[in-house]
Amino acid sequence: ENIYFKVIKGKTASLFSAACQVGGIIANLEKDKEEALKTFGENFGIGFQLIDDALDYSSSIKNLGKNKGDDFKEGKITMPIILSYLRSNESEKNFWNRTVKNLDQQPKDFEYAVQLINKYNCIEDTILRAKHFTNIAQDSLGIFQNNKYKFALLDLVKTSLNRLS
């Protein structure tokens with residue numbers, strides 16, 4: 001799980017963080033506000049990626065430009081898989097090793113993966129983690145006065161979380 005967070009901090013979170021921080025630099029904001037935007041972007045990026053990872057295994061998604069099961073087919077180790085693997089029995093761990101680590105996948109393996117992820121409530125727990133980070137992101141904007149820009153960022157976070165509904 002720690003390695004996973006290092007990876008998403010180095011990719012999605014750093015991209016979001018830089019994009020938000022550069023806005024503060026361009027606007028010539030005070031250093032504390034610039035840092036708040038950086039913190040917002042990083043935590044929003046982590047939450048966004050966690051939701052994106054949950055979408056791959058969620059049966060409730062609509063057409064969001066992401067094909068269900070793509071991460072699984074590519075052997076991407078995402079939070080739902082990490083949680084399921086950690087909670088699995090020996091036989092289930094062997095399944096994860098075969099299908100994700102070794103990419104030895106059979107036609108019904110994705111369906112079984114979803115069953116395991118659901119069995120161990122991994123989508124719900126991934127969403128809880130996403131909410132934790134997006135709450136930090138939202139709180140970091142507390143330094144700013146209420147205005148249309150702050151509300152736009154807060155709405156962006158809400159929209160990201162609502163992608164699962």
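The second largest pocket of this predicted model has a volume of about 250 Å³. A pocket here is an open set of points on a 1 Å grid over the protein atoms alone, where a 1.4 Å probe fits, with protein on both sides within 12 Å along at least five of seven lines; lining residues have an atom within 4 Å of a point. A volume is the space filled by probe spheres set on the points, which are joined across faces, edges and corners.

**Second largest pocket**
- Among the residues that line the second largest pocket are Cys20, Gly23, Gly24, Phe144, Tyr149 and Lys150.
- H1 and helix H8 (148-161) are the elements that give two or more residues to this lining; helices are DSSP runs of H or I with at least four residues, numbered from the N terminus.
- The lining of the second largest pocket divides into seven nonpolar, four polar and one charged residues. Ala, Val, Leu, Ile, Met, Phe, Trp, Tyr, Cys and Pro count as nonpolar, Asp, Glu, Lys and Arg as charged, and the others, Gly among them, as polar.

**Largest pocket**
- The largest pocket holds about 520 Å³ of space.
- Of the 23 residues lining the largest pocket, Tyr4, Lys76, Ile77, Thr78 and Ile82 lie nearest its centre.
- Helix H1 (2-26), helix H2 (31-55), helix H4 (79-87) and helix H5 (90-101) each give two or more residues to the lining of the largest pocket, and H1 gives the most, with six.
- Eleven nonpolar, four polar and eight charged residues make up the lining of the largest pocket.

**Positive phi values**
- Most residues other than glycine have a negative phi.
- Leu103, in the loop between H5 and helix H6 (109-119), has a positive phi near 50°. With a relative accessible area of 44%, Leu103 is partly exposed (between buried, under 20%, and exposed, over 50%, with a 1.4 Å probe and protein chains only).
- Asn121, in the loop between H6 and helix H7 (122-140), has a positive phi near 55°. Asn121 is partly exposed, at 40% relative accessibility.

**Packing of H2 and H8**
- The axes of H2 and H8 come within 9 Å and cross at roughly 15°; axes are lines fitted to C-alpha atoms over the stretch in contact, and angles run from 0 to 180 degrees between N-to-C directions.
- H2 is therefore roughly parallel to H8, a term for angles under 35 degrees.

**Basis of the values**
- Residues are numbered from 1 along each chain as its sequence is written, and side-chain values use heavy atoms, with hydrogens and water left out.
- In this predicted model, local features need pLDDT of at least 70 and side-chain atom pairs count only at pLDDT 80 or more, while totals for chains, interfaces and linings use all residues.

Note on methods. Angles under 35 degrees count as roughly parallel, over 145 as roughly antiparallel, 65 to 115 as roughly perpendicular and the rest as oblique.
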